Amino acid sequence: MEAYDILQAVESNCQARVLATVIHVEGHAYRKQGAIMLLMADGSMVGSISPGCLEADLFAYVPAVWESQKSQMVEYDMRPADDFGWGETIGCGGLIRILLEPVSGEMLVSLLAVKAFLERGEAVQLVREITDGYSGIAYSLHGYEQVQQPYPTATYLLEDHVSDRQSSLSSHVSLFKPKPRVIVFGANADAMPLVQMAVSSGFRVVVADWREAYCTEARFPGAEIEVAFPEQLIMQLKLNAQDYIVVMSHQFEKDALFVKEAMKFSLRYLGIMGSRERTEKLLGGIERPEWLRYPVGLPIGSEGPVENAVSIVAELISIRRGVDKASSIERVERDSRSRLW
């Protein structure tokens, strides 16, 4: 999920200097192929590709990469059995190749264009055509509909392959997908730990409420804010099939109206806070799709706002990872001990 955060840093911070991308892994590694990190001119970084053991060494390459304006490939081989320093520090014992690219020129333009794709809710491929021992790279963008093979669901992936056009050229394809959006309807105090955990877990979070006094950056740092009544909120939010919604305003009529309007769309997830009886009454005769979940959250016996937030975010993550595919009806049938919130 950190790919979007890196793109934001590229757009907003002129100190962005070098993008580090894991382009090849053999054996076990802390981060998989496709992991990225942004190295800044002031020595700070956004993202990570190791537990902290490679970053200091990578920073040593930044001045040369930036001044030469040429990419460079760096290799770390932790496979030798007698290399106890690397093996113990990085905790993997594998081989990792990392591509270092100056964030300027064509590369900068390409990353900004990728961010624009993601903000429109569109996935995109960034294709690198590499020559001259990684020092020469040409960039191009391709819409996700042009992808010829299925990829696992993830925010950022990198697929290595060698082009058959000429032996001296290889292609590296990075697939970016939009950051999943969680919409929290209800800006009450118990939404604050939920929003904090969802932001920290890599979701793009929107707090939606009709009470402007509740919707402040101080209460919900890192989240976007939408203030309007339910009917207008639905129009402003422009819901899509990848959205997650948690309804928790605790005002029955407002919750019911928001749910009624939201369920006119196909969503990834809609969780409603409240007892099963309250939710059944709230839904009335509305058809209940498989992505509707109530009571909201995983049944961990949670109590209070913080534990409830853990339960809800855990459910969001399980759905994002494709782990929990149970419908709300199946959940009600199997969970006779449903919580009363």
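In strand β3, M45 is the bridge partner of L39; strands here are DSSP E runs of at least two residues, helices are H or I runs of at least four, and both are numbered from the N terminus. This is a predicted model, where local features need pLDDT of at least 70 and side-chain atom pairs count only at pLDDT 80 or more, while totals for chains, interfaces and linings use all residues. Residues are numbered from 1 along each chain as its sequence is written, and side-chain values use heavy atoms, with hydrogens and water left out.

- The L39 and M45 pair belongs to a stretch where β2 (residues 36-40) and β3 run antiparallel, joined by three bridges.
- Five strands make up an open, antiparallel sheet, in the order β3-β2-β1-β5-β4; strands count as paired if DSSP finds at least two bridges between them.
- β3 (45-47) and β4 (72-77) sit at the edges with a single partner strand each, so one side of each has no neighbour in the sheet.
- From one strand to the next, the twist averages 20°.
- Helix α1 (residues 2-12) lies across β1 (16-26), β2 and β3, and runs at about 25° to β2; axes are lines fitted to C-alpha atoms (for helices, over the stretch in contact), with angles from 0 to 180 degrees between N-to-C directions.

**The α7 and α8 pair**

- Two packed helices are described by the angle and the distance between their axes.
- For α7 (residues 230-237) and α8 (residues 252-262), the axes come within 9 Å and cross at roughly 35°.
- That crossing is right-handed, meaning the near helix is turned clockwise from the far one by less than a right angle.
- On the α7 side, P230, E231, L233, I234 and L237 meet K254, L257, F258, E261 and A262 of α8; contact means heavy atoms within 4.5 Å.
- These contact residues split into seven nonpolar, no polar and three charged (nonpolar is Ala, Val, Leu, Ile, Met, Phe, Trp, Tyr, Cys and Pro; charged is Asp, Glu, Lys and Arg; the others, Gly among them, are polar).

**Cysteines**

- Searching the whole structure turns up zero disulfides, taken as pairs of cysteine sulfur atoms within 2.5 Å.
- C14 is exposed, at 70% relative accessible area, whereas C215 is buried at 10% (buried is under 20%, exposed over 50%, partly exposed in between, with a 1.4 Å probe and protein chains only).

**Around G271**

- G271 belongs to strand β14 (residues 269-272) and is buried, with 0% relative accessibility.
- Leaving out residues up to four places away in sequence, G271 touches I245, V246, V247, R293 and V296.
- V246 is 25 residues from G271 along the chain, yet their C-alpha atoms are 4.8 Å apart.
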